[in-house]
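I have a new structure open and want to find my way around it. These are my notes, in the order I looked things up.

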Amino acid sequence: MNKHSIQGFDVCSTTHCQVYGGASVETDLSNKAILDTKCEVLTYNETLAQTVFHANCGGHTEDPKYIWNWGKTPPYLKGVKCGFCTKTQSTNWKKTLDEVFIKKKLSVSNNISEKIKKIKIKGRTSSGSTKELEIIHSKGKLKLNAYRFRLAVDACEIKSHGFCSIKKHGGKFHFKGKGWGHKVGLCQCGAKVMAEKGESYKKILAHFYPGTKIGNIIYK
Ligand SMILES: [Zn+2]
Ligand SMILES: [Zn+2]
């Protein structure tokens, strides 16, 4: 709740905190869901669970050890098979970026100012996404965490670290991948498909955060 205390408020309306389109996009159904679950929280071992979520996991959710420096992964976030999101539109993506653009971004984040010849996929995470990328440039090579590469180059243009292929033709790199976002925790597309099949929010939460319980807080 203190993320924006310097600015005088608690949460902002973007993906930084929680996307909110304003009162005009609220619906009776979503408002009912909010009121029906008022004061409910997700817990693990009597403490609040880290209920991180993302847009689309591409088929399996991610262990945060490949994403953030959390030290130990909470047992309920080690990653689960999703399979619900894989037929939705946002699962597969393609992006073409200029070598010059990538080089410019990597010069800021990793001090690479040489021509990038090739980008190789190195290793898979537990979700089947990319662990590391090997950047082969004119003066050598460098290994980079795939998620950090995405953030350094452009997190909007490159939708996830779930690279399927990276090819270079002329001065351009062609990326193909799966999933949208960091892939840790609840998959929004998967949760939507589960809900449309009639699964309850309790079942959806139990699927994406196994071992957690729903608790109650008294809002003062
Ligand atoms: Zn924020
Ligand atoms: Zn999913």
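Before I list any neighbours, I need a rule: I call two residues in contact if their C-beta atoms, placed from the backbone, lie within 7 Å. I also keep in mind that this is a predicted model.

**Entry: Gly215**

I started with Gly215, which sits in strand β11 (residues 213-216). Which residues does Gly215 touch, leaving aside its neighbours within four places in sequence? I found Val41 and Thr43. I then checked Thr51, which is 164 residues from Gly215 along the chain; their C-alpha atoms are separated by 13 Å.

**Entry: the whole chain**

Next I stepped back. I count 5 helices and 11 strands in the chain. The C-alpha atoms fill a box of roughly 60 × 40 × 40 Å along the principal axes. Of the 220 residues, 30% are buried. I also looked at contacts between residues at least 6 apart in sequence, and 59% of these join residues at least 24 apart.

**Entry: the sheet and its helices**

I traced an open sheet of 3 strands in the order β5-β6-β7, with antiparallel pairing. Why does one side of β5 and of β7 lack a neighbour in the sheet? β5 (116-124) and β7 (140-145) are at the edges and have a single partner strand each, so one side of each is left without a neighbour there. From one strand to the next, the twist averages 20°.

I zoomed in on β5 and β6 (residues 130-137), which pair over 7 bridges. Here Lys120 stands opposite Glu134 in β6.

Two helices lie across this sheet's strands. Helix α3 (residues 146-153) lies across β6 and β7, and I have its direction at about 100° to β7.

**Entry: a hairpin**

Further along I found β8 (residues 163-169) and β9 (residues 172-178), antiparallel and joined by 6 bridges. Lys167 faces His174 in β9. How many residues lie between β8 and β9 in this hairpin? I see 2, and Gly170 in the turn has a positive phi of about 60°.

**Entry: the nonpolar core**

I looked up the largest nonpolar core, which has 36 residues. Cys85, Leu133, Ile135, Cys187 and Phe208 touch the most other members. Elements giving two or more residues to this core include α2, β6, α3 and β9, as well as β10 (186-187), α4 (188-196) and α5 (201-208). The largest share, 4 residues, comes from α3.

I followed up Cys187. Leaving aside neighbours within four places in sequence, I find Cys187 in contact with several residues, among them Cys57, Cys82, Cys85 and Phe208.

Cys39 has one of about 75° and lies in the loop between α1 (28-36) and β1 (40-44). I mark Cys39 as exposed because 9 other C-beta atoms lie within 10 Å. Glu46 has a positive phi of about 70°, in the loop between β1 and β2 (47-48). With 7 C-beta neighbours inside 10 Å, Glu46 also goes down as exposed.

Terms used
Residues are numbered from 1 along each chain as its sequence is written. Chains are lettered from A and ligands numbered from 1 in the order in which they are written. This is a predicted model: local features need pLDDT of at least 70, side-chain atom pairs count only at pLDDT 80 or more; totals for chains, interfaces and linings use all residues. Two strands pair if DSSP finds at least two bridges between them. Axes are lines fitted to C-alpha atoms, for helices over the stretch in contact, and angles run from 0 to 180 degrees between N-to-C directions. A residue is buried if 20 or more other C-beta atoms lie within 10 Å of its own, exposed if 12 or fewer, and partly exposed in between; C-beta atoms are placed from the backbone. A nonpolar core is a set of buried Ala, Val, Leu, Ile, Met, Phe, Trp, Tyr and Cys residues joined through C-beta atoms within 7 Å.
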